Amino acid sequence: MMAEADAEENVYREAVAESPVAPPNGDINIDDLLPDGPQGNIQGQMEEFLGPQPEYDEEEEEKKYYRRKKLGVVKNVLGASVGGMIIYSVYMGLLQMQLILHYDETYREVKYGNLGLEDIDKKMLMGINVTPIIGLLYTPILIRFLGTKWMMFLASGIYALFVSTNYWERYYTLVPSAVAIGAAIVPLWASLGNYITRMAQQYYEYVNYKEDHVQEQKKLPKGACHRYVIIFQSVFFIIFHLSLVFAEFPQRIFLQQFLSDYNHTLYNVKHCGAEGSGMIGGFNRTVLKHLPRSLLLIQVESVLMGAAFLSMIIFLAVCGAAYRPTEEIDLRSIGWGNIFQLPFKHLRDYRLRLLIPFFIYSGLDTLFSVTGLTLSYGVCTVGLEWLYLLVMVYGLSCSLFSCLSLSLLRLPRYVSLLGGAVIHGPLLVFLLFWSPAPRSPDQLPYLLVVIALWGMGSALNKTGLSILLGMLYEDKERLDFVYTIYHWWQAIAIFIVYLWTGLIMRAKLSILLVILLLACFCYWTMERRLAKNMPFRLPRIPRPKHKVKGYRYLEEENSDESNSEESDEDDDEETQEEVIREDFGGDAGSQGSDSTRERRGGARGRRRRQDDDYEQAGEREEREKE
């Protein structure tokens with residue numbers, strides 16, 4: 001046994017003698033202790049990866065991050081613009097082709113017999129033009145429940161549904177889909193206006209990400225994002241107005257070969273322009289030389305259906321969210337009753353009330369340009385075979401002259417609206433006295449000039465209104481309400497145009513001229529009041545119904561908690577309206593009476609202390625759990 005112990009001791013002494021001797025000062029080099037081979041290389045790589053990187057520049061990486069964010073915003077604006085342009089190209093192109101085919105007596109009798117297709121078309125147009133009247137009741141609720149992006153996607157799906165019903169043209173397919181389109185018009189346009197303005201605000205935040213008010217997610221300074229609102233709204237309308245050009249492709253490529261010439265279609269027409277009444281009095285009931293094959297119609301509708309699906313995919317895949325997830329929760333958490341009431345409460349603001357005549361004129365202009373001007377003046381004079389050219393010139397003019405709204409970057413904001421009125425006013429007076437003779441193709445150049453000038457005025461009008469609303473109402477909590485009111489009044493005007501179809505042309509032009517003059521006077525009154533710092537009333541947006549901001553909304557409510565009466569009083573105070581005085585010529589400010597400020601200041605102080613108590617209580621609970 002002693003021999004074995006001596007042998008083990010000798011082995012231990014040899015191992016110690018072979019091991020490296022520790023330095024006398026106690027410093028040990030770790031690299032000397034690491035084994036040679038793959039394990040030592042892995043350890044070195046780990047230290048190199050986890051250690052500080054001399055090549056990493058935090059500020060440069062931050063710039064790259066926000067550069068990507070800005071490109072994402074540009075992608076969203078282009079996606080919304082192209083998606084809206086495609087879906088409206090499909091909708092207007094299909095509707096125009098459908099109405100021309102259904103108007104022809106021979107087509108109706110041969111294809112559908114006694115189905116009553118003409119009556120179906122009347123009810124379908126009624127559904128499209130009448131249903132938007134109730135849009136103010138549900139549009140804000142839909143936008144806040146679904147979100148801005150998903151509202152655009154759903155509306156484009158409804159338009160695609162309308163295209164699909166044309167595969168089987170019956171009362172129970174065409175009329176319900178037309179009613180659905182009428183119900184989706186106001187939500188779609190309110191979502192588009194809200195989305196483009198929100199993208200302008202986001203772009204400002206990404207450009208000025210180092211500012212304190214951006215990092216703390218506070219309200220933006222007055223007028224900070226006006227530049228981007230002007231640019232993005234102009235880009236949207238430049239792209240969207242091209243829908244009028246692409247909408248004529250089905251007629252130009254497919255239907256043009258089947259149309260009769262103007263000598264046949266205008267044979268019984270006696271009066272055009274200012275002397276006419278209705279659409280085109282005496283227009284021939286047969287407009288087709290021969291009927292198109294059903295298979296060819298199915299192919300055209302299939303191409304349009306594919307374009308409608310492409311628009312849906314663009315809204316879904318290309319467009320990003322307009323709000324952060326927590327912001328969308330906050331927007332919904334103010335209560336459905338408040339969301340329903342707030343559009344009506346916003347009408348107490350004199351700025352919106354004085355813009356209502358311009359909203360109405362914008363709607364009248366939209367339908368008059370594609371019905372009264374192109375049909376009663378254009379088709380009545382040169383024939384149905386030139387309809388595509390008239391509409392395409394109008395669309396190109398609108399798209400091209402939407403660029404003029406970029407002048408608002410240097411000029412006052414009233415230039416766009418009043419500039420459009422200055423163009424439309426003399427044109428309306430001219431149209432009141434112009435009655436071109438039927439079957440006069442030599443009048444085509446003059447018609448194109450008039451339509452191009454009208455398109456210039458329409459572009460300035462529509463782009464100017466959207467820009468003006470984005471500049472006047474910069475609170476992201478109000479954008480959906482404001483744009484809903486705008487497009488709802490447009491829908492009311494479109495309904496009026498639908499009702500006045502049988503009026504004489506001079507009566508229509510006189511109504512347009514009177515409303516245009518009234519709109520200019522009301523807008524001038526609004527700007528004058530703002531220049532005098534006259535206070536306007538804005539309804540206060542109620543606070544969300546949760547206690548803590550963020551995702552921690554599922555706290556159990558304690559009805560016995562202290563200060564419950566004070567919190568109820570605070571909620572009541574928040575529903576009161578605030579009076580704001582704003583100076584657009586310089587720095588903005590908002591002020592009310594001294595008693596109102598003191599009361600609200602006390603309410604905010606109590607609410608802030610109450611929130612601090614909740615946060616401290618939450619921290620204590622977390623420490624106790626740990």
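Trainee: Which hand is the crossing of H18 and H19?
Mentor: The crossing of H18 and H19 is right-handed. Keep in mind that this is a predicted model.
Trainee: At what angle do helix H18 and helix H19 pack?
Mentor: The angle is about 140°. The axes of H18, residues 350-382, and H19, residues 387-401, lie 10 Å apart.
Trainee: What do we call H18 relative to H19?
Mentor: Oblique, because of that angle. Angles over 145 degrees would count as roughly antiparallel.
Trainee: Which residues in H18 and H19 meet?
Mentor: From H18, they are Asp365, Ser369, Thr374, Leu375, Gly378 and Val379. On the H19 side, they are Leu387, Leu390, Val391 and Tyr394.
Trainee: How do the residues of that contact divide by class?
Mentor: Six nonpolar, three polar and one charged in the contact of H18 with H19.
Trainee: New topic. How many cavities of 30 Å³ or more are there in the whole structure?
Mentor: A search finds three. The largest cavity holds about 70 Å³ of space.
Trainee: Which residues line the largest cavity?
Mentor: Ile143, Arg144, Gly147, Thr148, Asn194, Tyr323, Glu328, Leu331, Arg332 and Asp480.
Trainee: Which elements give two or more residues to that lining?
Mentor: Helix H7 (135-146) and helix H16 (325-332) do. H16 gives the most, with three residues.
Trainee: And what is the lining of the largest cavity like by class?
Mentor: It has four charged, three polar and three nonpolar residues.

Technical notes: Residues are numbered from 1 along each chain as its sequence is written. This is a predicted model: local features need pLDDT of at least 70, side-chain atom pairs count only at pLDDT 80 or more; totals for chains, interfaces and linings use all residues. Side-chain values use heavy atoms; hydrogens and water are left out. On a 1 Å grid over the protein atoms alone, a cavity is a set of points where a 1.4 Å probe fits but cannot get out, and a pocket is an open set with protein on both sides within 12 Å along at least five of seven lines; lining residues have an atom within 4 Å of a point. Grid points are joined across faces, edges and corners, and a volume is the space filled by probe spheres set on the points. Helices (H or I, at least four residues) and strands (E, at least two) are DSSP runs, numbered from the N terminus. Ala, Val, Leu, Ile, Met, Phe, Trp, Tyr, Cys and Pro count as nonpolar, Asp, Glu, Lys and Arg as charged, and the others, Gly among them, as polar. Axes are lines fitted to C-alpha atoms, for helices over the stretch in contact, and angles run from 0 to 180 degrees between N-to-C directions. Angles under 35 degrees count as roughly parallel, over 145 as roughly antiparallel, 65 to 115 as roughly perpendicular and the rest as oblique. A crossing is left-handed if the near helix is turned anticlockwise from the far one by less than a right angle, and right-handed if clockwise. Contact means heavy atoms within 4.5 Å.
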